[in-house]
Amino acid sequence: MSKVQPLKAMRAVREPGKRMRSRLLDAAVTLFKDQGLAGVAVADIAAAAGAFPSQITYYFRTKEALFVEAACREVLYVARQAEEAAAGAASGPHYNRVLVETVIGSPGLALFVEALSLTRRRQDLVPQVERTFERLHAQGDRAYAETKARRGWSGGDDPAVTARRFWTLALGVALRDGATGATTQEAVDEMLALMRHGANGGHD
């Protein structure tokens, strides 16, 4: 028997599964943004995705695992949007501002902060978060290095250090200001001030 036929059959099985996972994640993100983890039931997510509750169990095991994966996916989307928006910045400070204004206050960042809190109690979910941090840092490193080279900016921190500091500050600001009720603009201003006073003064 040709090997091509079994491979086609395997792909035919996998593709509907990928689409269902994506539908469940899309539905979950929308509901979680509106109502938070505690306010959403598995049945709500299944109904919104046109699926059965058992399919959530099949693909994600638990609502908490679905929440963490959805939050991780969403923060990666936010990062990509920020990097694309900042790519046309005329200067390092402008690059910083666009990044911060896109990320701070975004529902995707808030979901990720909640996911980090959840993983403190669910160690089985930690690998998903660790992989997300690796991708955030790699994406940020690459995006800044490419923009810096294209624009001819000199000096500044190593891109890898910059990416890690950015996300450390963003998560800290989001956590603290979310708890204290600060406005998005206050959070943006705070983070920009922290970046300016970071090692080597941030981007040139």
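H6 supplies the largest share of the lining of the largest pocket, four residues. Before going on, a word on the model. This is a predicted model, in which local features need pLDDT of at least 70, side-chain atom pairs count only at pLDDT 80 or more, and totals for chains, interfaces and linings use all residues. Residues are numbered from 1 along each chain as its sequence is written, and side-chain values use heavy atoms, with hydrogens and water left out.

Some terms. Helices are DSSP runs (H or I, at least four residues), as strands are (E, at least two), and both are numbered from the N terminus. A pocket, on a 1 Å grid over the protein atoms alone, is an open set of points where a 1.4 Å probe fits, with protein on both sides within 12 Å along at least five of seven lines; lining residues have an atom within 4 Å of a point. Grid points are joined across faces, edges and corners, and a volume is the space filled by probe spheres set on the points.

Back to the largest pocket. Its volume is about 200 Å³. Of the 15 residues that line the largest pocket, Ile-104, Gly-105, Ala-174, Asp-177 and Gly-178 are the closest to its centre. Helix H6 (107-119), H8 and H9 each give at least two residues to that lining. Sorted by class, the lining has eight nonpolar, six polar and one charged residues. In this sorting, Ala, Val, Leu, Ile, Met, Phe, Trp, Tyr, Cys and Pro are nonpolar, Asp, Glu, Lys and Arg are charged, and the others, Gly among them, are polar.

Asp-177 leads on to the salt bridges. A salt bridge here is a side-chain nitrogen of Lys or Arg within 4 Å of a carboxyl oxygen of Asp or Glu. By this rule there are nine salt bridges. Asp-177 forms one with Arg-176, at 3.7 Å from N to O. Asp-177 counts as buried because its relative accessibility is 8%; buried means under 20% relative accessible area, exposed over 50%, and partly exposed in between (1.4 Å probe, protein chains only). Arg-176, at 48%, counts as partly exposed. Arg-176 also meets Glu-190 in a salt bridge, at 2.1 Å from N to O. That pair links distant parts of the chain, with Arg-176 in helix H8 (residues 159-180) and Glu-190 in helix H9 (residues 184-196), 14 residues apart.

Now the second largest pocket, which holds about 160 Å³ of space. Its lining includes Lys-18, Glu-69, Arg-73 and Arg-135. H1, H4 and H7 each supply at least two residues of this lining, and its classes are three nonpolar, three polar and six charged residues.

What does Arg-73 form with Asp-26? The two form a salt bridge, with the closest N and O atoms 2.5 Å apart. Arg-73 lies in helix H4 (residues 63-86) and Asp-26 in helix H1 (residues 4-35), so the pair ties together parts that are 47 residues apart in sequence. Arg-73 counts as buried at 17% relative accessibility, while Asp-26 counts as partly exposed at 39%.

Last, H7. His-137 is found in helix H7 (residues 126-151) and counts as buried, at 15% relative accessibility. Neighbours within four places in sequence aside, His-137 is in contact (heavy atoms within 4.5 Å) with Ala-163, Arg-164 and Trp-167.
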